[in-house]
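Trainee: I have a model open and want to go through its side-chain packing. Can we take it ring by ring?

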Amino acid sequence: MPNTSRATVLTEKPARYIKQLGSHFGQKIDVTERDGATVLAFPMGECELRDAGSAIAINATASSDDDLQRLEGVVGRHLERFGARDELTVTWTR
């Protein structure tokens, strides 16, 4: 059974941040579109980013708890750094 977690990040610019994350990670990993979401395919798991109007809805999936924790850390840190001016905060829920 895969390990999953979710985060909802409030922002007035969800599309901009999703695009920025996709562009940044796209130089290192596969970034694709699936069912209206941007999917970041890391070696340790997958992260799906969706524009939810006034937020970014993030779903992370990995095969182990350790991999999920690493995935949450990588995506969360980058999004918070990119959105520092807007004080974005990523809080994961398992």
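Trainee: Is Phe42 buried or exposed?

Mentor: This is a predicted model, where local features need pLDDT of at least 70, side-chain atom pairs count only at pLDDT 80 or more, and totals for chains, interfaces and linings use all residues. Residues are numbered from 1 along each chain as its sequence is written, and side-chain values use heavy atoms, without hydrogens and water. Buried means under 20% relative accessible area, exposed over 50%, partly exposed in between (1.4 Å probe, protein chains only). Phe42 has 12% relative accessibility, so Phe42 counts as buried.

Trainee: How are the rings of Phe25 and Phe42 arranged?

Mentor: Rings of Phe, Tyr and Trp (its six-membered ring) pair if their centres lie within 6.5 Å; planes under 30 degrees apart are stacked, over 60 edge-to-face, the rest tilted. The count comes to one aromatic pair. Here the centres are 5.0 Å apart and the planes at 75°, so Phe25 and Phe42 are edge-to-face.

Trainee: How many residues apart in sequence are the parts that this pair ties together?

Mentor: Helices (H or I, at least four residues) and strands (E, at least two) are DSSP runs, numbered from the N terminus. Phe25 lies in helix 1 and Phe42 in strand 3, so the parts tied together are separated in sequence by 17 residues.
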